[in-house]
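My notes follow, entry by entry.

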Amino acid sequence: MNTKLSRATVVVLASLTVFLCCLSVAEAYTTSLIDVEAPEEVGIGQPFLVKVSSPYILDDLSVSWEGREVTPAAVETGGGYSALVILGVNLKRESGVGVLKVSANLWGHSRRVEKHLEIVPVAYPKETLSVPPKMVKPPQETLNRIARERKLIRQTLETSSSVQQWDMPFTRPVKGKILSRFGLHRTFNGDTKRRHTGLDFRAWEGTPLHSMAGGTVLVVDHLYFAGNCAFIDHGNGLISLYWHMSKVLVKAGDTLEPGQVVGLSGATGRVTGAHLHLAIFAQGMSIDPEPFFNGTLAIDGDK
Ligand SMILES: [Zn+2]
């Protein structure tokens, strides 16, 4: 009886071992089919790169992050296929965990990879500024205009194309030094609090400003806060905004080469002096432009 039992136990254990081995082989098999490289930790307001690669063709590739989906086309690289996606953590986001979901079709079979990324706070400095009161408290008659323009900006940020037009490295739009960093907690005239959602470069009146990458011009306009401005779609949810220009040298619908001149620096809109305010959005999220130009936006190991 005992012998029979132990034989049965052996059979069960052996079957279980075979089953578990098969499971881990299947897991390793799936993992090696799609490789997703992403940072384990991402800062609030910061962009990050995700690289999806496979030895095989990746059809219907989809990358989802914070409720937004990007559908990049994987390109053939040495010995396989890969796609790079730029994502970001919205400046308004609280710390926690973000779920990155990648799915693709390989030989007609759907494959999924999920990663949990830690979203961590970033210590953005504080700044106090004194400016003419009308700059922070717009006159009553302009409030409707400002509301309309906010709507236009939000709509424009939703209209990004899925064709990737950007490539690394990115072009710094102007050589001038950085005057004001992204994310600053600003207090104007002692009471009005705002976040700085762009990066300010010194750019004397009339200095040519370059597109940070190839793209298509979405909108050219004159807005209350932004002055003469251009919105450029670089594809896959990446959009850059150039504010305060004295003259815009492109028009909506134009296709731009990387580094092409967008316009000339100026002091239009609500500003105290000529400079470039560059804002960048990834999947509609306001992110820090600086990593695009200082070499820190990279896949770990490629830095
Ligand atoms: Zn600015």
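**Entry 1: strand β17 and its partners**

I looked up valine 220 and found its bridge partner, alanine 230, in β17. I number residues from 1 along each chain as its sequence is written. The model is predicted, so I note the limits: local features need pLDDT of at least 70, side-chain atom pairs count only at pLDDT 80 or more, and totals for chains, interfaces and linings use all residues.

Next I checked the pairing of β16 (residues 215–223) with β17: seven bridges join them, and they run antiparallel. Two strands pair if DSSP finds at least two bridges between them. Strands are DSSP runs of E with at least two residues, helices are runs of H or I with at least four, and both are numbered from the N terminus. A hairpin of three residues links β16 to β17.

Then I followed β17 to β18 (residues 238–245). Six bridges join these antiparallel strands. Glycine 235 has leucine 238 in β18 as its bridge partner. Two residues lie between the strands in this hairpin, and asparagine 236 takes a positive phi near 55° there.

Is β17 buried or exposed? I found nine of its nine residues (227–235) buried, so the strand is largely enclosed by the rest of the structure. Buried means that 20 or more other C-beta atoms lie within 10 Å of the residue's own; exposed means 12 or fewer, and partly exposed is in between, with C-beta atoms placed from the backbone.

**Entry 2: an open sheet**

I traced five strands in an open sheet, in the order β2-β9-β8-β4-β5, with mixed pairing. β2 (41–43) and β5 (68–70) are the edge strands, each pairing on one side only.

Inside this sheet I looked at β4 (residues 59–65) and β8 (residues 96–106). They run antiparallel and are joined by five bridges. Valine 63 stands opposite valine 102 in β8.

**Entry 3: leucine 91**

I found leucine 91 in the loop between β7 (80–88) and β8. It counts as partly exposed because it has 19 C-beta neighbours inside 10 Å. Which residues does leucine 91 contact, leaving aside neighbours within four places in sequence? I listed Ile44, Gly45, Gly183, Arg195, Thr197 and Ser286. Contact means C-beta atoms, placed from the backbone, within 7 Å. Leucine 91 and methionine 285 are 194 residues apart in sequence, yet their C-alpha atoms are 7.5 Å apart.

**Entry 4: the whole chain**

I noted three helices and 23 strands. Of the 303 residues, 33% are buried. Among contacts with a separation of 6 or more, 67% join residues 24 or more positions apart.

Technical notes:
Contact = placed C-beta atoms within 7 Å.
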